[in-house]
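Please keep the sequence and the structure at hand while reading.

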Amino acid sequence: MLMVSRLKDLTIITNRLRHYFRNMDAKELQPPSSVRGMQELQKEQFRKSVQVPRLQVPESQVQRVMPLVKKFLLKMEHLHPVRAVDKSREILLHPTPVKHWESLPTEELQRQEVTVENFSFAELELSYENWSANEILKSVLPTEEEGLTSYSRIGHIAHLNLRDHLLPYKQLIGQVLRDKLPNCRTVVNKASTIDNTYRNFQLELICGDAEYQVETKENGVPFEFDFSKVYWNPRLSTEHERIVKMLKSVDVLYDVFAGVGPFSVPAAKKRCHVLANDLNPESFKWLQHNAKRNKCVPNIQMFNKDGRQFIVEELREDLLKRLRTTDTTTYAIHITMNLPAMAVEFLDAFRGLYSAEDLAQLPENVCYPTVHVYSFAKGENTKELVRQLVESNLGASLDDNLLQGINFVRNVAPNKDMYRVSFKLSLNLLTTLKEVEITRKRYAEEELEVATKVKCV
């Protein structure tokens with residue numbers, strides 16, 4: 001009964017740990033405490049001698065022993081847990097679960113002729129190469145401040161957005177990431193907020209080569225672009241995929257702020273009919289390049305215009321033709337507006353896009369487009385705030401007939417969230433100028449202001 005109970009406990013432990021123990025939870029496996037606060041990388045300061053448990057077994061027994069101790073192996077970078085020692089093999093074990101011989105499944109090991117005589121502690125020399133980037137940075141950066149929580153990988157580039165307290169460590173952070181991340185040649189920091197016309201990041205090179213033309217894949221689709229001249233955020237890959245999965249091969253996509261094509265190119269590859277637009281000449285160039293590279297040019301028309309101009313010219317003409325000449329119940333029409341800092345400001349372009357006469361002869365069951373507009377909201381109850389932003393700029397209430405959903409996309413900063421608001425355009429929105437709604441709203445606000453002043457008096 002004792003042996004059964006012990007085996008059961010061991011099974012629970014190993015199942016919980018699954019593959020291996022975290023090294024930073026074992027004090028002996030942490031980098032030396034003296035590296036804390038280091039701002040200029042000195043790799044030799046990470047050298048450390050530690051004692052770790054081991055099994056030393058004849059070479060002929062290794063294959064039978066390994067399944068019994070696999071869960072306890074010491075896993076570190078550039079370290080082989082099984083090493084040749086003379087004509088035997090040394091199996092290095094993690095010091096957290098293995099404190100002594102009894103920590104191991106001794107009965108099973110003894111059946112393989114492995115006893116306490118095969119168990120001992122060995123001296124192991126650790127160095128900078130044995131720790132991951134996360135482990136190195138965790139041991140160096142100040143404990144009282146938030147560490148490097150995340151970074152983006154775009155091809156061979158690691159893109160950081162360092163908070164002020166980490167700027168003194170930026171050279172060290174850059175070198176560690178370049179050393180440790182596979183195929184990383186360039187590390188850059190976001191130098192300022194995105195406030196230019198073309199919405200691309202202002203970059204500061206902190207380590208590596210000033211080479212910004214990258215090749216990357218998103219959801220299996222290859223893209224190429226100059227990261228220093230266009231906007232690309234790999235954290236939006238799930239959102240791009242979510243929208244593209246909504247589309248069927250017969251559907252239509254109008255992409256108002258297309259960038260280099262994360263919505264448009266996958267949609268065109270699905271044989272959707274796509275009209276894609278971006279104001280940035282560099283984005284437009286790479287949009288064309290990516291469409292050609294993915295062999296979907298026949299399914300996509302590309303424009304280099306202001307978003308509003310694209311809506312009132314290209315989108316208006318193409319949509320009107322479709323509403324008049326096709327059965328819109330057999331396919332869906334989507335409009336993506338992914339420029340979250342200001343996309344809502346373009347919503348009024350849909351108000352009065354057509355005259356009543358333009359849409360007078362349409363079938364009763366005509367299906368109008370679904371708009372997916374992205375926006376930031378900062379503060380508390382951001383979901384309600386973003387709804388108000390959309391309604392204010394659209395000049396209409398998103399009632400149950402229009403609103404398709406308000407979907408959280410990601411947290412951008414403390415108390416700042418990004419949302420996608422999806423709503424249906426309607427005959428009323430497309431044929432009524434927003435100014436009518438604005439006038440009514442302004443009149444109501446003025447009446448309220450007068451009433452408030454009277455009350456105060």
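In this predicted model, Thr382 has a relative accessible area of 7% and is therefore buried, the limit for that class being under 20%. Thr382 belongs to helix H10, which covers residues 382-394. When residues up to four places away in sequence are not counted, Thr382 touches Ala377, Asn415, Asp417 and Tyr419.

Tyr419, one of the residues that Thr382 touches, is itself buried, because its relative accessible area is 6%. The ring of Tyr419 also pairs with that of Phe408: the centres are 5.7 Å apart and the planes stand at 80 degrees, so the pair is edge-to-face. Phe408, for its part, is partly exposed, with a relative accessible area of 45%.

In total the structure holds 9 aromatic pairs. Among them is the pair of Trp101 and Phe119, whose ring centres are 6.4 Å apart and whose planes meet at 55 degrees, so this pair is tilted. Here too distant parts of the chain are linked, as Trp101 lies in the loop between strand S3 (88-92) and helix H3 (106-111), whereas Phe119 lies in strand S4 (residues 119-126), and the two are 18 residues apart. Trp101 counts as buried at 6% relative accessibility, and Phe119 counts as buried at 13%. Together with Phe121, Trp101 and Phe119 form one aromatic cluster.

| Charged residue | Ring | Distance to the ring centre |
|---|---|---|
| Lys180 | Tyr128 | 4.4 Å |
| Lys416 | Phe376 | 4.7 Å |

In the case of Lys180, the charged end of the side chain sits over the ring of Tyr128, and Lys416 likewise lies over the face of Phe376.

A further group of residues comes from an annotation record. Under "binding site", the unreviewed UniProt entry lists His240, Asp278, Leu279, Asp306, Gly307 and Asn338. Leu279 is placed in the loop between strand S12 (273-277) and helix H8 (281-293), and at 34% relative accessibility Leu279 counts as partly exposed. Asn338 is found in the loop between strand S14 (333-337) and strand S15 (370-378), but with a relative accessibility of 15% Asn338 counts as buried.

Which residues are in contact with Asn338, once its neighbours within four places in sequence are left aside? The contacts of Asn338 are Leu236, His240, Phe257, Phe263, Tyr374 and Met418.

The cysteines deserve a separate word. The count of disulfides comes to 0, where a disulfide would require a pair of cysteine sulfur atoms within 2.5 Å. Cys272 is buried, with a relative accessible area of 1%, and Cys296 is buried with a relative accessible area of 1%.

Conventions
Residues are numbered from 1 along each chain as its sequence is written. This is a predicted model: local features need pLDDT of at least 70, side-chain atom pairs count only at pLDDT 80 or more; totals for chains, interfaces and linings use all residues. Side-chain values use heavy atoms; hydrogens and water are left out. UniProt positions are given in the numbering used here, feature names are shortened, and annotations may be inferred rather than shown by experiment. Helices (H or I, at least four residues) and strands (E, at least two) are DSSP runs, numbered from the N terminus. Buried means under 20% relative accessible area, exposed over 50%, partly exposed in between (1.4 Å probe, protein chains only). Contact means heavy atoms within 4.5 Å. Rings of Phe, Tyr and Trp (its six-membered ring) pair if their centres lie within 6.5 Å; planes under 30 degrees apart count as stacked, over 60 as edge-to-face and the rest as tilted. A charge sits over a ring if NZ of Lys or CZ of Arg is within 6 Å of the ring centre and within 35 degrees of the ring normal.
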